Amino acid sequence: MLGMASKRWVLLVAALAVAGGGWVWRRSNSSADIGPQYVLATVEKGSVVVSISGSGQVSASNQVDVKPTVGGTIRSLPIKQGASVGAGTTLAVLDSTSAQKAVRDARTNLQSAQLALEKLKQPVDTLTLLQAQNSIDQAYQDKEQAQTTIAKAYDDGFAAIAEAFTDLPSVMSNLQKILYGNDLSPTQWNTDYYMSSANEFDSRITKYRDQAIAAYQKSRSSYDANFIAYKGTSRSSDRVAIQALIDQTHYTAQLAGEAIKELNNFILFYKDTVTTNGRKPVAIADTHITTLNTDTNTISQHQSSLLTVRQTIANNTNTATNIVRSIAEKKANLAKLTSGADALDIRSQELAITQRQNALTDALEQLSDYTIRSPIAGIAASVPVQVGDSAGASTVIATMTTAQKLADISLSEVDVARVATGQAATLTFDAIPALTVSGSVAKVDTLATISQGVTTYHVQIVFDTQDQRIKHGMSVSASIIVDVKNDTIIVPLGAVKTQGDVSVVQRVDNVNTAVAEEVDRNRPVALTSAIESVPVQLGLANDTIVEVTGGLTAGDVIVTRVVGQNATAGGSGNANGTFFGFPGVGRGVGGGAGSGGGMMIRRP
């Protein structure tokens, strides 16, 4: 048997159940009474605009760091930071002392070349012709003088030969007597005596003796041949014979001198050897040495005379040869002067002038480099130098920016594929909420920027108008119009449903007057007319409207949405938000994540 507390809980649960059931029944009957209501719209013609959105920053259309191409001290700085300048305006002037000197020298050289050409084209004056002729006459005189000198040199040469042969026989005789005479022993030659006396102490005496005998025999052979040639030559002989005899006689004298030296060395070695070993040299040895010393002096004098003659002949012969060449050159020069300037000479001088003109042009260009000018019209955003600073190729004189501003925005790889130069755009600014500026796409990067796996492309949009409130570096949002369709059938995007793979729109037929008045007020109405699902072909679309290329005509009334708790018409109002049992709006490709742009509806 239940207690009182348990009975009370049973009664409470029963009461709640009855109350809940009554509420459900009431709610169900109330909804059934209201029924579905429809928001309608009239199909009309209009424009579909598809855009892509992006954000970025404001920048200048052009920014240039102006640097000199030469080095020097800054002497003048007429530009101030923030100043507006035109293209070619002077920004700074560097010390150009060396460049000015180069220009002055180049100009002087050009004038000199021009004067030379003028002189070349003028007729030769009488004085110049007379001087040229006198030069030729003087050359002939010099030639005659040289020939006279050569003739005298050959005559002196033969005289020197004759004087040499007055002494050479005596010299050769002395050599023979000292070597092969019997002054020391009736049974021995002098050389054998000297050798035997010293040989018991030093055997090297034999070597000295052999060298002395060999030198004598060589000089004797030359002397005998030379003497025969001398006897067959006279002062009237041709110069070739006299020249050969001079050379031969000089050679004979040279060999005789060698023979005297070797014999002298032989006797001196004898004296030194016997003296060193405690014996007294024979007295006649000193006589022999005295004779040899005298002959040495004689031979040396003849060698010197003959050598001087040889050099005199050679020098004067060369002089005469050069004079002959000089005469030919002087004659050719006179002929050239007489005939006037040669065409090739004139052309050569003209080329020299061209070279000097080019050098002056280069020098002037170099001088102009010391004046630093703005390459663009714009604003001096920065002037980081001052007068007196040293500037070089890496020194920034000024940073110039153009007055023309642009938006530099970033787009995803999906969005950028639909963007092209020339497309119109609208721009808004976070810092200036009330300002909207139109523009157009000026540049689309072909190379991507990849950061942390995200691929983006930079797009530049130029402003159609300039506003002083817009500053470099401001944040900017851009909406780029990528497609436009004008004067075409359009419907709200929410009016399009999908039925399988087919896009359909709910069209209302036979709309009465009361319903028609509510169509344009965008208010829900109850319908008694039939609703037809019409297959449609779709075209361009954005976030709110879509183009209908087939299936509807302007003036048709369509359902844009259904309201009501149990909207059952055509199966709408189910839990998954479908209409007539089919999924909701079927969207195709879109403007890209976060782009906010328009999208294409899937076509059947």
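Predicted model: local features only at pLDDT ≥ 70, side-chain atom pairs only at ≥ 80, totals over all residues.

Biologist: What makes Arg-235 and Asp-155 a salt bridge?

Modeller: Their side chains meet at 2.9 Å, N to O, and the cut-off is 4 Å, so the pair qualifies. Arg-235 sits in the loop between helix 5 (205–231) and helix 6 (239–276), while Asp-155 belongs to helix 3, with 80 residues separating them.

Biologist: Why is Arg-235 called partly exposed?

Modeller: Buried means under 20% relative accessible area and exposed means over 50%. Arg-235 has 47%, so it falls in between. Asp-155, at 37%, gets the label partly exposed too.

Biologist: What makes Asp-286 and Lys-271 a salt bridge?

Modeller: The N to O distance is 2.3 Å, which is within 4 Å, so the label holds. Asp-286 is in helix 7 and Lys-271 in helix 6, so the pair ties together parts 15 residues apart in sequence. For Lys-271, the relative accessible area is 22%, so this residue is partly exposed rather than buried.

Biologist: Which residues join Glu-532 in one network?

Modeller: Arg-507, Asp-509 and Asp-556, through salt bridges that share partners. One of these bridges is Glu-532 with Arg-507, at 3.1 Å.

Biologist: Why do strand 3 and strand 5 count as edges of the sheet?

Modeller: The order is 3-10-8-5. Strand 3 and strand 5 each have a single partner strand, so one side of each lacks a neighbour in the sheet.

Definitions and conventions:
Residues numbered from 1 in each chain as written. Heavy atoms only, no water. Pairing = 2+ DSSP bridges. Helix = DSSP H or I, 4+ residues; strand = E, 2+ residues; numbered from the N terminus. Buried < 20%, exposed > 50% of the residue type's maximum accessible area, 1.4 Å probe, protein only.
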